[in-house]
Amino acid sequence: MKKILLIIPIILSLFSCQEVIDVDLTNDIERLVVDALIRVDSNQSNTTIEIKTSLSSSYFESNIPLTVQSLTITNNESGNNIILTEEETGTYSTTVETNFLTDGELTLTVIYNDEIYSGSTNYVQTVPFNNIQQGNSNLLEADETEVVISYTDTADQTNYYLFDFDFNEYLVSEDEFYQGETFEFSYFYDSELSVGESATISILGIDSDFYNYMSQLIASTSGNQGPFQAPTSTTRGNIINTTTDNLEEDYPLGYFAVCQIYSYTITIQ
C-alpha cells in the first residue's frame, strides 16, 4: 500500500489540475465468515479453542460479529464431539484435551439460518525456531525493522509453513528448495517498531490446501488485513454449505485448520 501512496503524488504533478475520482467497488452478497484457525501447543495437555463467526462486509469495513445457532467439532476417528459456547457476540470457545485435536480427522459444523456449514481437516505439525534476532538491514526504506529467522525443515516430506509476525502480518513458505535443511531469512516490518515494543512471531504447520488459500489471501489483501477479513476478490476456503445444491453461489468464507505452533516474543532494541 505504501508504494501506491508514493506513486500518487508523482502522477498528480503531471496535471495542471486535480480531480477527485470515486471508485465504485462491487458489493458482494453478505456471507457467513468463519475464522477457525486453531493453534495447538503440543507441549500442553489442554488447548483452548476460539472460533469467530461474522457476516461479511464491504472491503473498507470490518466484518460484523454474528451469533449462529450452534458450533461443534467432531473427531471422526473417536466419534467424540465438542460444543463451543458463545463468550461474546460471534466468539465461541471451549477447552479440550489436546489429543482430541491431534489424533484423527476433525469436522467443524456450523448451523446458521437453519443451514449447515461444514469443513474437515487434520492436525499438521511444524518445527520450532532455531533462532530469532533483530537485524540491522533495510529492504527499501530507512524506517523498516528487520527480524532474522532460522529453522530446520523436516526431511523426507514436503512441508508448508505459515508465519504470523503479529500486527496482522503473515507469510507462507514451502520447503521445495530447502527440504531437510536449515533455512534462514529476513522479514521486514512495514514500519519501524519502537524501541521496547514487542512482537510475537509464530510458525504454524499447514497443509498444501491451506498454503494455497493463504497465498491467495495475502496477495489479495497486500498483507494488511487479518486472514479472515474481506479481500478485494473472493478467496474460498474449505468450509461449504451442505444444505444448498448451489455450491457456486451459496458458500461461506473462512477456513478450518488445526495447526501445531511455536512462538517467540522479541523485544525491539
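**Close-up 1. Strand β15 and its two partner strands in the predicted model.** Seven bridges join strand β15 (residues 198-206) to strand β17 (residues 253-267), and these two strands run antiparallel; helices (H or I, at least four residues) and strands (E, at least two) are DSSP runs, numbered from the N terminus. Two strands are taken to pair if DSSP finds at least two bridges between them. Ala199 has Ile266 as its bridge partner in β17. β15 also pairs with β12 in the antiparallel sense, over five bridges, and there Leu204 of β15 stands opposite Leu162. Seven of the nine residues of β15 are buried, so the strand is mostly covered, where buried means under 20% relative accessible area, exposed over 50%, and partly exposed in between (1.4 Å probe, protein chains only). This is a predicted model in which local features need pLDDT of at least 70 and side-chain atom pairs count only at pLDDT 80 or more, while totals for chains, interfaces and linings use all residues. Residues are numbered from 1 along each chain as its sequence is written, and side-chain values use heavy atoms, with hydrogens and water left out.

**Close-up 2. The salt bridge between Arg39 and Asp164.** A search of the whole structure finds one salt bridge, a term that stands for a side-chain nitrogen of Lys or Arg within 4 Å of a carboxyl oxygen of Asp or Glu. Arg39 and Asp164 form this bridge, and their closest N and O atoms are 3.0 Å apart. Because Arg39 belongs to strand β1 (residues 32-40) and Asp164 to strand β12 (residues 160-164), the pair ties together parts that are 125 residues apart in sequence. Arg39 is partly exposed, with a relative accessible area of 31%, whereas Asp164 counts as buried at 10%.

**Close-up 3. Ile132 and the residues around it.** Ile132, in strand β10 (residues 129-134), is buried, with a relative accessible area of 7%. Not counting residues up to four places away in sequence, Ile132 touches Val148, Ile149, Ile201, Tyr264 and Ile266, contact meaning heavy atoms within 4.5 Å. The C-alpha atoms of Ile132 and Thr265 are separated by 9.0 Å, although the two residues are 133 residues apart along the chain.

**Close-up 4. Asn75 in strand β4.** Asn75 lies in the strand spanning residues 70-75 and counts as buried at 2% relative accessibility. A polar atom of the Asn75 side chain lies 3.0 Å from the backbone nitrogen of Glu77. Leaving aside neighbours within four places in sequence, Asn75 is in contact with Asn80, Phe100, Asp103, Gly104, Glu105 and Leu106.

Notes: A polar contact is a pair of N or O atoms within 3.5 Å; within protein, one must be able to donate a hydrogen and the other to accept it, and residues adjacent in sequence count only if both atoms are side-chain atoms.
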